[in-house]
Amino acid sequence: MPKLSFEKQIERIEKITADLESGELSLEDAMKRYEEGVKLITSCSKSLTKAEGKVTKLIENMEVPFD
């Protein structure tokens, strides 16, 4: 399965959350969705941390103070 964009991962997390909140999934299906959601959240968190690092570097390298 190709890696989803950050935005698509967020959309998938929202869908998983809605499915879990519906209460209509079997326990087995709910667990599978939950595991998928945890993996997506971990991936999104890593992406955000990486982006934050890049922004921090850019700000540190600016010659004009950023107010």
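Lys8 and Glu11 both belong to helix H1, three residues apart, or about one turn of the helix. The model is predicted. The exercises below start from this pair.

**Exercise 1. Classify the contact between Lys8 and Glu11, and state how accessible each residue is.**

Step 1. Apply the cut-off: a salt bridge needs a side-chain nitrogen of Lys or Arg within 4 Å of a carboxyl oxygen of Asp or Glu.
Step 2. The closest N and O atoms of Lys8 and Glu11 are 3.7 Å apart, and the pair forms a salt bridge.
Step 3. Look at the spacing. An α-helix has 3.6 residues a turn, so residues three or four places apart point the same way. Lys8 and Glu11 are three residues apart in H1.
Step 4. Check accessibility. Lys8 is partly exposed because its relative accessible area is 46%. Glu11 has 43% and so is also partly exposed.

**Exercise 2. Find which helices the Arg12 and Glu36 salt bridge ties together.**

Step 1. The closest N and O atoms of Arg12 and Glu36 are 2.8 Å apart, in a salt bridge.
Step 2. Arg12 lies in helix H1 and Glu36 in helix H2 (residues 27-60), so the bridge ties together parts 24 residues apart in sequence.
Step 3. Arg12 is partly exposed at 25% relative accessibility. Glu36, at 28%, is partly exposed too.

**Exercise 3. Describe the salt bridge of Arg33 with Asp19, and decide whether each residue is buried or partly exposed.**

Step 1. The closest N and O atoms of Arg33 and Asp19 are 2.6 Å apart.
Step 2. This pair links distant parts of the chain: Arg33 is in H2, Asp19 is in H1, and 14 residues separate them.
Step 3. Buried means under 20% relative accessible area. Asp19 has 13%, so Asp19 is buried. Arg33 has 24%, so Arg33 is partly exposed.
Step 4. Widen the view. Lys15, Asp19 and Arg33 are linked in a network of salt bridges. The structure holds five salt bridges.

**Exercise 4. Work out how the buried residues of H1 are arranged around the axis.**

Step 1. List them: Gln9, Ile13, Ile16 and Asp19.
Step 2. They cover an arc of only 125° around the axis, which puts them on the same side of H1.
Step 3. Turn to the other side of H1. Glu7, Glu14 and Glu21 are exposed there. Glu14 has a relative accessible area of 52%.
Step 4. Identify the cover. H2 is included in what covers the buried residues of H1.

**Exercise 5. Compare the span of each helix with the expected value, then name the buried residues of H2.**

Step 1. H1 has 17 residues and reaches 24 Å from first to last C-alpha, close to the 24 Å expected at 1.5 Å a residue.
Step 2. H2 has 34 residues and reaches 49 Å, close to the 50 Å expected.
Step 3. The buried residues of H2 are Ala30, Gly37, Leu40, Ser43 and Cys44. They pack against H1.
Step 4. Take one C-alpha separation. Glu14 and Gly37 are 23 residues apart along the chain, with their C-alpha atoms 9.0 Å apart.
Step 5. Inspect the end of H1. Gly23 follows H1 and has a positive phi, near 75°.

**Exercise 6. Locate the nonpolar surface patch made by Leu20, Tyr34 and Val38.**

Step 1. The area of the patch is about 270 Å².
Step 2. Leu20 is found in H1 (residues 6-22).
Step 3. Leu20 is partly exposed, because its relative accessibility is 33%.

Conventions
Residues are numbered from 1 along each chain as its sequence is written. This is a predicted model: local features need pLDDT of at least 70, side-chain atom pairs count only at pLDDT 80 or more; totals for chains, interfaces and linings use all residues. Side-chain values use heavy atoms; hydrogens and water are left out. Patches are made of residues with over 30% relative accessible area and no salt bridge: like charges are joined within 9 Å, nonpolar side chains (Val, Leu, Ile, Met, Phe, Trp, Tyr) within 5 Å. Accessible areas come from the Shrake-Rupley method with a 1.4 Å probe; for residues, only the protein chains shown count as cover. Helices (H or I, at least four residues) and strands (E, at least two) are DSSP runs, numbered from the N terminus. Buried means under 20% relative accessible area, exposed over 50%, partly exposed in between (1.4 Å probe, protein chains only). The expected span of a helix is 1.5 Å times one less than its number of residues. Contact means heavy atoms within 4.5 Å. The arc is that of the directions from the helix axis to the C-beta atoms.
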